[in-house]
Amino acid sequence: YVPNYIETESLTYAFNHLSNLQFESGYNLFCGLLSSLGCSFWCMTAVISTIYFGAIYALFKQLKSKKTFALMILVVLDNALMYAALRQSLSIACFIFMILALQKKDYLATIVCAVLSILFHKSAMFVIPPTLLIYAITNSNLKQYTFELLLLLLCVLVVVPLINIINPVID
């Protein structure tokens, strides 16, 4: 990430060289904006961490109980995300904000967050359409068993190496 941030010296540079830079266009523009504002690489990582943990905080505020359990799951399953995966952190934060906006029926914010999520990391395009489709089909609050099924699916995905399936699709 450091060489890319150094190369992305300004927002103008990032905009003019989107196809030449290493990462997704949204992330490169984000880096260019912060670089234009005089932020160092470490300042940029602090901004990303603040956005990510702000999204987690907003999400956890909705939990009525088991907040410690939710935090444990987050730390165990997303430990690399918090410290090293900058693009993914931005994308996941936008995804979380998208879900929160969708719950409030703020469809403009939902669309903006969905587009930002995809611009920050291309893997978001595999998650956002099914999420919006499920929301459109159910069009109501999800039942408890839905979350239980999602938790089971999450546990299965931790065990099954999907990297062999996802990498050829992304490439």
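Mentor: Buried means under 20% relative accessible area, exposed means over 50%, and partly exposed lies in between (1.4 Å probe, protein chains only). By that rule, 30% of the 171 residues of the protein count as buried. This is a predicted model: local features need pLDDT of at least 70, side-chain atom pairs count only at pLDDT 80 or more, and totals for chains, interfaces and linings use all residues. Residues are numbered from 1 along each chain as its sequence is written; side-chain values use heavy atoms, without hydrogens and water.

Trainee: What makes up the secondary structure of the protein?

Mentor: There are 11 helices and 0 strands. Helices are DSSP runs of H or I with at least four residues, strands are E runs of at least two, and both are numbered from the N terminus. The order from the N terminus is α-α-α-α-α-α-α-α-α-α-α.

Trainee: Which residues have the most contacts inside the largest nonpolar core?

Mentor: Tyr5, Tyr27, Phe30, Met44 and Ile48, in a core of 14 residues. Helix H3 (25-36), helix H4 (41-60) and helix H7 (86-103) each give two or more residues to this core. H3 gives the most, with 4. Another core lies apart and has 9 residues, including Tyr52, Leu74, Ile96 and Leu100.

Trainee: What makes such a set a nonpolar core?

Mentor: Its members are buried Ala, Val, Leu, Ile, Met, Phe, Trp, Tyr and Cys residues, joined through side-chain atoms within 4.5 Å.

Trainee: Why does Ile48 count as buried?

Mentor: Its relative accessibility is 1%. The limit is under 20%, so Ile48 counts as buried. Ile48 lies in helix H4.

Trainee: Which residues does Ile48 touch beyond four places away in sequence?

Mentor: Tyr27, Phe30, Leu86, Ser89 and Leu90. Contact means heavy atoms within 4.5 Å. Across the protein, 59% of the contacts with a separation of 6 or more join residues 24 or more positions apart.

Trainee: How many aromatic pairs does the rule give?

Mentor: The count is 4. Rings of Phe, Tyr and Trp (its six-membered ring) pair if their centres lie within 6.5 Å; planes under 30 degrees apart are stacked, over 60 edge-to-face, and the rest tilted.

Trainee: Why is the pair of Phe30 and Phe120 called edge-to-face?

Mentor: The ring centres are 5.9 Å apart, so the rings pair; the planes stand at 85 degrees, so the pair is edge-to-face. Phe30 is in helix H3 and Phe120 in helix H8 (residues 107-120), so this pair ties together parts 90 residues apart in sequence. Both Phe30 and Phe120 are buried.

Trainee: What makes Tyr52 and Phe53 an edge-to-face pair?

Mentor: Their ring centres lie 5.2 Å apart and their planes are at 70 degrees, so the pair is edge-to-face.

Trainee: How many disulfides does the structure hold?

Mentor: The structure holds 0.

Trainee: How do you know that Cys113 is in no disulfide?

Mentor: The nearest cysteine sulfur, that of Cys94, is 5.7 Å away.

Trainee: Why are Cys31 and Cys113 called buried?

Mentor: Cys31 has a relative accessible area of 0%, so Cys31 is buried. Cys113 has 14%, under the 20% limit, so Cys113 is buried.

Technical notes
A disulfide is a pair of cysteine sulfur atoms within 2.5 Å.
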